[in-house]
Amino acid sequence: MTPPVTMTEPINNRTAQPERLTENLERPTLDDRSYRVIRLANHLEALLIHDPETDKVSGALDVNVGSFSDAEDMPGIAHAVEHLLFMGTEKYPKENAYNQYLTSHSGHSNAYTAATSTNYYFEVGASSKTSTSDATSASSPQDLTALKAESPLYGALDRFAQFFVAPLFLEETLDRELKAVDSENKKNLQNDTWRLHQLNKSLSNPEHPYNHFSTGSYKTLHDEPLARGVKIRDEFMKFYHTHYSANRMKLVVLGRESLDDLESWVEELFSAVPNKNLSRLRWDDVAPYTEKELGMQIFAKPVFEMRNLELDFLYQDEEELYESQPGRYFSHLIGHEGPGSILAYIKAKGWANGLSAGAQPLCPGSAIFVVKVKLTEEGLKHYKEVTKTIFQYIAMMRESPPQEWIVDEMKRMSEVDFKYKQKSPASRTTSSLSGIMQRPYPRELLLSGPSLIRKFNAEAINKAATYLRPDNFRLTLISQDFPGDWDQKEKWYGTEYKYEKIPEDFLAEINNVVASPASDRPAELHLPHKNEFIPNRLEVEKKEVEEPLKTPKLIRNDENVRTWFKKDDRFWVPKASVLITLRSPLVSLTPLNTVVSHLYRELVYDALVEYSYDAEISGLNYSVAAHAPGLDVSVSGYNDKMAVLLEKVLISMRDLEVSEDRFNIIKERLARSFRNWEYQQPYHQVGVFSRWLTTEKGWINEQLLAELHNVTAADVRAFFPQLLAQVHIELLAHGNIYKEDALKLTDMVESILKPKILPSSQWPIRRSLLLPPGCNFVYERNLRDPANVNHCIEYMLYIGDPLNRQRKAKLLLMAQMADEPAFDQLRTKEQLGYVVFSGPTISNMWAGYRILIQSEKSPEYLEGRIDAFLTQFGQMLHDMKDEDFEGHKRSIINKRLEKLKNLSQETNRFWNHVLSECYDFESADHDVEHLTPLTKQDVVEFFNQFISPTSPTRAKLAVHMLAQSSPAAEQDEQVVKLVSELLTANKVAVKDDDLQKHFEAVEKPAKQDDLVAALSSYLGELKLEADVVTKVVEQGKAALAAALTETESQKEVVEADGETHVKLGNGTTPVVIHDVHAWKAGLEVSKGARPVQDLSDFEEIEAKL
């Protein structure tokens, strides 16, 4: 290892010089950035990245403290501090000053709390101007001042640094942010990933912080501490001052400015962060599992229909073993899916659909090794046999010495992947690297350390193998059906479970198979063969180009085939993608056809698992997908063996053998996925209904599930040859590939499938539904999960055809302006819910503006708050200063002109335009062309016509996802909270329990007089002065009237013209959609998707390279 390079030359003649640790970072071949690692006088360490070509810049700071440091009696405090830190600083006391600044410079921010780290990051445009400019450097104090003034990065860093210098923890924001934490927690209460993870944690060693509940809730962070007499704000500040220290912080700054300038800024802005000389957090003396937790079995009941087997082994911390990474050796072999693997064997038995394995570091000093198996119905019955098979394979591995050739293959692929690693978005780069800096890598290896396997270490592998023992694991079986006698509930998420020792006879069987000779093991279990898919040809012919092409060329265009092609001229990596759509009206003609297409796709995947796995671990992937226009097939990755994989996929699709046993397993799995879909988070479901309602043709989950039951293997056997017999082929070849190769691949598709011509008159036409001016439609769906507490609304305003470029430009600019105010008002200030989105929605031939909120509040109430926000925003827009308007315009133009970061981004952009059938490859440039001349008056007029709640011509559609919670209980909660605040304001001591009882007794739906009577009754019991009672009652009348207008008590349902209308208190009359088919039949449809220009403009048919 090369020792760190230490340089001590003066920096801008400052006396307290940062220590320069190194500039010699091992980096990918194509990495054109410059790097420098420095340590400030306060021991804050920073990685500076100079990227002269970037158009997005970023900063990220990782603090070595997380949920493992939570106070025992305030679980979630680290997470709450992460939320509160953004709420104002001494230098910038306005609570949303930071986000306002970022939004006005094409930026965004986020943060997350992990076990031992809290990570904060932001991203902004590199320039405050609309055109990109060359990197600059300051050579004088005057130049530096000018550079700062013009740099969005400096302004963002200045605000960002203050969070770690002098945060305010504003009292008035405390309750709101704790409710945001609570909403975040409630969002996850029915999520099996969170539920099962917490169950594992709750049943771990109570002395280890892994046992903690890490998210926190209003109860753990507010109610319970208050009941103990704790001053909550003081506790948060105490946690911050105790754990946040400069020497525990790792900062990464990526900018277009020179390294010297970045260093100067970091020194100036971050030197004031206090250093408390805290040691790095480690947990070496306590294990997550002890003898009490090992040898146990957990039976857990999930929310989703699933059958999973999990084996958790106590494992070693490997952060010092980064050169050999022995855990990856066992992950590779146990998790292998090719011939000889555990999965191949148990899949052939009909017991499993999937398997994964790997080491999971928990914290410095602790790790576990996890094997997860997705079981079939038969596999659930044979879970003990599956467990024994895993131990048989482990015994086989331990019998033979570590295989150097296997490590060499892994080493080779790690080197190839690192060598040709492409750039990722700026904030992803900084956030990831700031976390990596917390690990003990030599600073020269910060980029390569996690990726590269550097050596074969047989001793380390042998030692790691000793942890995979029958006396060093515990077993978890997850199923809704087995065993059925769960007798406990997990404290934080309510997961039902049963917890007991693994039976002695079962443990004896496991020990027996481990001790048995090799001759007793199934012959089907063996180490993998050599991987033929590891790429060898990695040459890239790089040519200098003045300007990369913005569109692919159409190199074949006849009645059977369209082939689009572009040789990579930007990224110069030995990778490519071939994406094919087999256009056919059959795929989605009916729900039945759609279901059979899904089954066909899944059966193709199932047939290719063993073959394709070697390709997958060698950076070469394929996919098959069914969608409205037909079937999509794609292959992407290193181009060396790409044709080999594509040929195999196409032949498998053509010659698929549908066996009854695999069909039944796949059908059952698909049925589960359809049923589970309805137990997702509401905000994950709502978009499907929005698209269904705005698209002329399409099917939703329940329609597909209704057809699945009767589908047979014979149906699939009959369907797919008919589907493949007549299709139109459209193909995109992009990357390190030549024109003649693209044409050969096209010929391969034709020669293997041999389809008849599908005349263009039979191609599917995709149309959207046109919402009439002045309409106000509501579609309601009851959520299936009875335990879910969250409603959801997607509130959509129809703008028109997305190919109307001028109108689209106004939509993009208006949405940019409303983005930060919407989040600030609806989430930060009103705390309607953790999930709040706003922005343009553009799909197919439909363009609109949407606001999405997931909340415990009713959708009717949310509609009222969205209307109120839009009215407020209309005034903000009217009052907006010209310089702010121009700033927003620059911001959205910079977003539209953002540079592509890697080859796959460009591929996806091209392919999305092909699939849209508009071929609008230069849409970003067209958007900028139409954004540039827009005036504030243009946007005001657009808002008044399409967005304003008072507009007589706006067209609105809202989808309401309704939780199975009690509206009455919701109303009680709102009323009690409002009255409690009213009494507190009048200096009346409040007993919430007594207050609750008075209002719960009111008959529902509540009337204003009844609520006022309940308030008077409560006040009478308090024996207050008469004038105080009169004053409070009068104030209460007004407040309660307002509360009632926010609930369903003002809703009227009337019949008119055969439609049900809902009349809300604000005077609008939404039409509730009951019969979707009839509703769609009453609407006009858009034009079909069509090319924005003649395709002959893209043609390059002549044969030339």
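Student: Of the contacts in the chain with a separation of 6 or more, what share comes from residues 24 or more positions apart?
Tutor: Such residues account for 81% of those contacts, where contact means heavy atoms within 4.5 Å. This is a predicted model, in which local features need pLDDT of at least 70, side-chain atom pairs count only at pLDDT 80 or more, and totals for chains, interfaces and linings use all residues. Residues are numbered from 1 along each chain as its sequence is written, and side-chain values use heavy atoms, with hydrogens and water left out.

Student: How many helices and strands are there in the chain?
Tutor: The chain has 35 helices and 30 strands. Helices (H or I, at least four residues) and strands (E, at least two) are DSSP runs, numbered from the N terminus.

Student: And what does the C-alpha trace span along its principal axes?
Tutor: About 95 × 75 × 70 Å.

Student: What part of the chain is buried?
Tutor: Buried residues make up 57% of the 1105 residues. Buried means under 20% relative accessible area, exposed over 50%, and partly exposed in between (1.4 Å probe, protein chains only).

Student: New topic: where is Ile1073?
Tutor: Ile1073 sits in the loop between strand 29 (1071-1072) and helix 35 (1076-1081).

Student: Is Ile1073 buried or exposed?
Tutor: Ile1073 counts as buried, at 5% relative accessibility.

Student: What does Ile1073 touch?
Tutor: Leaving out residues up to four places away in sequence, Ile1073 touches Phe777, Val778, Tyr779, Leu957 and Trp1079.

Student: Which peptide bond is cis?
Tutor: One joins Phe482 and Pro483, with omega about 0°. Pro483 lies in the loop between strand 12 (473-479) and strand 13 (488-489). Most residues other than glycine have a negative phi, and most peptide bonds are trans.

Student: Which residue has a positive phi of about 50° although it is not a glycine?
Tutor: Phe169. Its place is in the loop between helix 4 (152-162) and helix 5 (171-188), and Phe169 is buried, with a relative accessible area of 1%.

Student: What about Tyr919, what is its phi?
Tutor: Tyr919 has a positive phi of about 55°, and is not a glycine either. Tyr919 is in the loop between helix 28 (903-916) and helix 29 (923-931). Its relative accessible area is 2%, so Tyr919 is buried.
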